[in-house]
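Subject: Structure for your files

Hello,

Please find the structure below. My notes on it come after.

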Amino acid sequence: MGAGTRGASGGAWRPNPVARTVLIVLSLAFAFLMLVMPLLVVVSQAFGAGWEAFWRAVSDSFTVKAAKLTAITTVTAVAANTAFGLAAAWALTRYRYRGQGLLTTVIDLPFAISPIIAGLIFILTYGRLGWAYPFLEAHGLKIVFAVPGLVMATVFVTIPFVARELIPVLAARGTDEEQAAVLMGAGFLRTFALVTLPHVKWALVYSVILCAARAMGEFGAVSVVSGHLRGKTNTLPLHIEILYNEHHYREAFAVSAILVIASVLVLAARSVVETVSRREVR
Amino acid sequence: MTASRKTIPGFGLTMGITTSYLGFFVLLPMISLALRAADLSLGEIVSVATDARVLSSYRVSFGCSLLAAAINAVFGTMLAWVLVRYRFPGRRMIDGLVELPFALPTAVAGIALTSLTADKGWIGAPLARLGIAVAYTRAGIVVALVFVTLPFVVRSIQPVLEELSPDYEEAGRTLGAGGFTIFRRVVLPELRPALLTGFSLAFARGLGEYGSVIFIAGNRPFRTEIAPLMIVTRLEEFMYGQATAVALFMLLASFAVMFLVNRLQIRAAAFAGG
């Protein structure tokens with residue numbers, strides 16, 4: 001925390017008591033209305049008919065299948081983007097060359113594009129009318145309306161998370177330590193694992209958590225490429241949509257409650273990582 | 001610091017991974033979009049550009065995203081200010097909760113906000129008695145977008161406020177300025193670049209947002225249909241050309257916003273530096 005925090009807790013700065021109270025009350029009201037109430041309504045709707053109804057909805061075979069599929073797409077996308085993020089952060093901060101700015105822009109691109117457009121471009125590439133379709137068909141491969149498409153769309157949407165978090169951290173550290181390690185005879189992998197990785201480990205954990213949260217909840221891009229085949233290409237968020245549109249509200253909220261718990265866990269983990277890493281810096 | 005390719009190993013490997021990964025997952029699909037767009041006939045482009053339903057979906061998307069970003073510019077700034085400058089019970093919890101919209105799947109946010117604001121919901125019922133409808137109207141779209149994009153504004157402003165010493169505000173006070181004048185003349189100029197970043201990120205995200213909106217919007221053509229839904233609708237009708245054209249205009253618009261903000265920021269930085 002910066003100078004402002006210290007100034008607030010003691011020292012010369014004394015907040016105007018009226019303004020302070022009004023602003024705090026307004027903020028609490030806004031936060032309660034926009035952030036707390038949506039969580040409460042999910043929990044109340046999910047458990048409104050009792051534990052048994054909740055359990056029935058959650059243990060339904062289609063829900064379990066959707067949960068498994070969500071786990072598969074999330075783990076694969078996060079693993080791939082973590083590997084990519086580490087490589088990209090290294091390539092973008094350890095050397096100087098032309099086109100670095102362009103490369104950063106391409107990494108950021110998925111954040112600037114609507115998830116629906118992300119889904120659309122995969123359909124235009126690998127879908128029935130896509131230019132890669134004849135090749136896929138000749139080799140018996142299926143991407144759109146199948147699990148590989150879900151994974152690829154999820155990867156696309158979450159590409160920037162790890163790389164973007166690591167690049168500033170590595171850039172700020174400079175390359176002196178790596179150069180020293182290399183001079184002493186360490187190879188690339190040893191330098192990377194023993195010198196670079198320990199410095200970025202908290203940023204890495206932090207970004208992996210956020211990446212996983214987004215991958216788990218991705219809706220638009222996955223919805224476009226999935227084809228909504230129940231039990232086959234339905235992830236948890238898509239399953240919620242189907243349940244909701246079929247007016248199975250109780251079930252939709254029960255499944256949502258699982259994702260609410262997951263996202264609250266994500267927030268908790270994020271704040272633990274932040275506290276621990278801050279303590280370590282001190 | 002003369003970092004060259006020779007002193008630090010791994011350039012070939014990491015650069016190879018980076019470019020081939022981006023090439024496969026980002027550039028290749030984007031090229032498909034460009035190819036399909038190049039295939040569009042003038043007639044197709046004109047028919048999309050003059051389609052009243054498409055145009056109204058753009059109006060809804062742009063209008064609601066702008067309004068949501070503006071609302072967040074006000075309430076997000078307030079929230080950031082309160083979180084940085086004041087100590088009160090529940091502060092840490094709210095600080096953690098600010099990121100909830102990033103962690104919560106948008107579909108869950110969508111059905112939760114719909115259920116809250118529908119005419120039998122906790123918030124919707126009292127509002128309905130006053131004759132105000134939120135769910136299934138444009139107001140509902142704005143509510144969903146405010147939720148989804150709130151963290152962008154708060155998290156852009158918070159670090160700047162933390163670095164901004166209260167001494168300047170104190171100086172303003174000794175010179176006789178009132179609270180609001182101090183905020184407007186002393187604090188706001190410092191926040192402007194971060195506010196601009198947060199606003200444009202929120203706007204861009206709102207423009208493309210789909211999952212949270214489609215539940216609360218009601219999706220009535222000409223009234224509450226957003227542009228991303230228009231793409232989905234055209235895709236489901238197998239009108240890939242039209243879907244591409246709708247997407248293309250959206251992409252151009254959001255790139256234009258990003259470019260504009262970049263320019264504004266460069267100008268602001270030049271001002272601050274000079």
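Residues are numbered from 1 along each chain as its sequence is written, while chains are lettered from A and ligands numbered from 1 in the order in which they are written.

Over residues 1-12 of chain A, pLDDT stays under 50. Where pLDDT is low, the predicted coordinates should not be read in detail.

Between the chains, 87 residues of chain A and 84 residues of chain B are in contact (C-beta atoms, placed from the backbone, within 7 Å). On the chain B side, helix α1 (residues 11-39) gives the most, with 17 residues; helices are DSSP runs of H or I, at least four residues, numbered from the N terminus. That side of chain B divides into 61 nonpolar (Ala, Val, Leu, Ile, Met, Phe, Trp, Tyr, Cys, Pro), eight charged (Asp, Glu, Lys, Arg) and 15 polar residues (the others, Gly among them).

Within chain B, the axes of helix α9 (residues 167-174) and helix α10 (residues 179-208) come within 10 Å and cross at roughly 135°. Axes are lines fitted to C-alpha atoms over the stretch in contact, with angles from 0 to 180 degrees between N-to-C directions. Tyr168(B), Glu169(B), Gly172(B) and Arg173(B) of α9(B) make the contact with Ile182(B), Arg185(B), Val186(B) and Val187(B) of α10(B).

Regards

Note on methods:
This is a predicted model: local features need pLDDT of at least 70, side-chain atom pairs count only at pLDDT 80 or more; totals for chains, interfaces and linings use all residues. Two residues are in contact if their C-beta atoms, placed from the backbone, lie within 7 Å. Helices (H or I, at least four residues) and strands (E, at least two) are DSSP runs, numbered from the N terminus. pLDDT is the predictor's confidence in each residue, from 0 to 100.
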